[in-house]
Amino acid sequence: MAVMRVAQVTRPNGPFEIVERPIPEPGAGSVRIKVQACGICHSDSLTKEGAFPWIQYPRVPGHEVAGVVDAIGPGVAGWEPGQKVGVGWNGGYCGYCDPCRRGEFFACVRGQVTGISYDGGLRRVPGRPPPARSR
């Protein structure tokens, strides 16, 4: 089974832990992204600190994701393996509620947030060296 390394938080105010997890298969309507880079933002502290009572742990923060599509789930059109992609704060919206119908996707009543509603991009596939750190 192929695995990836992630930086997860297991509980509100818990420490970051580097662990290995199985690489998931994308579900219906989803693509899997091979993460090449992920920024760290102050809002990632919302996940680490448990700012929202509905966050399910363990959770992998990270909503500033850049990478390539490496697997496509059923029912996905318009995406191809190898395409470069980026993922931000807005991690999904319904398209049907009043805010969505007005084009205000950020205010979707069923909206999802990358790294809060589901795992974000603080991960890497083993075998690739970690990025060099500047001093």
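What follows is a chat about a predicted model of a protein.

Student: What should I know about the model before we start?
Tutor: It is predicted, so local features need pLDDT of at least 70 and side-chain atom pairs count only at pLDDT 80 or more, while totals for chains, interfaces and linings use all residues. Residues are numbered from 1 along each chain as its sequence is written, and side-chain values use heavy atoms, with hydrogens and water left out.

Student: How many helices and strands does the protein have?
Tutor: There are 2 helices and 6 strands. Helices (H or I, at least four residues) and strands (E, at least two) are DSSP runs, numbered from the N terminus.

Student: In what order do the elements run from the N terminus?
Tutor: The order is β-β-β-α-β-β-α-β.

Student: What share of the residues is buried?
Tutor: Buried residues make up 30% of the 135. Buried means under 20% relative accessible area, exposed over 50%, and partly exposed in between, with a 1.4 Å probe and protein chains only.

Student: Now Met 4. Where is it?
Tutor: Met 4 sits in strand S1, residues 3–9.

Student: Is Met 4 buried or exposed?
Tutor: Met 4 counts as buried because its relative accessibility is 7%. Its C-alpha atom is 5.4 Å from that of Glu 20, 16 residues apart along the chain.

Student: New topic: where does Thr 114 lie?
Tutor: Thr 114 is in the loop between helix H2 (98–101) and strand S6 (123–124). Thr 114 is buried too, with a relative accessible area of 4%.

Student: What is Thr 114 in contact with?
Tutor: Leaving aside neighbours within four places in sequence, its contacts include His 63, Trp 89 and Gly 120. Contact means heavy atoms within 4.5 Å. Gly 88 is also one of the contacts, and the backbone oxygen of Gly 88 lies 2.8 Å from a polar atom of the Thr 114 side chain.

Student: And Asn 13, buried or exposed?
Tutor: Asn 13 is exposed, at 55% relative accessible area. Asn 13 is in the loop between S1 and strand S2 (16–22), and has a positive phi of about 65° although it is not a glycine.

Student: Which residues does the cis peptide bond join?
Tutor: Tyr 57 and Pro 58, with omega about 0°. Most residues other than glycine have a negative phi, and most peptide bonds are trans.

Key
Polar contact = N/O pair within 3.5 Å; in protein donor to acceptor, adjacent residues only side chain to side chain.
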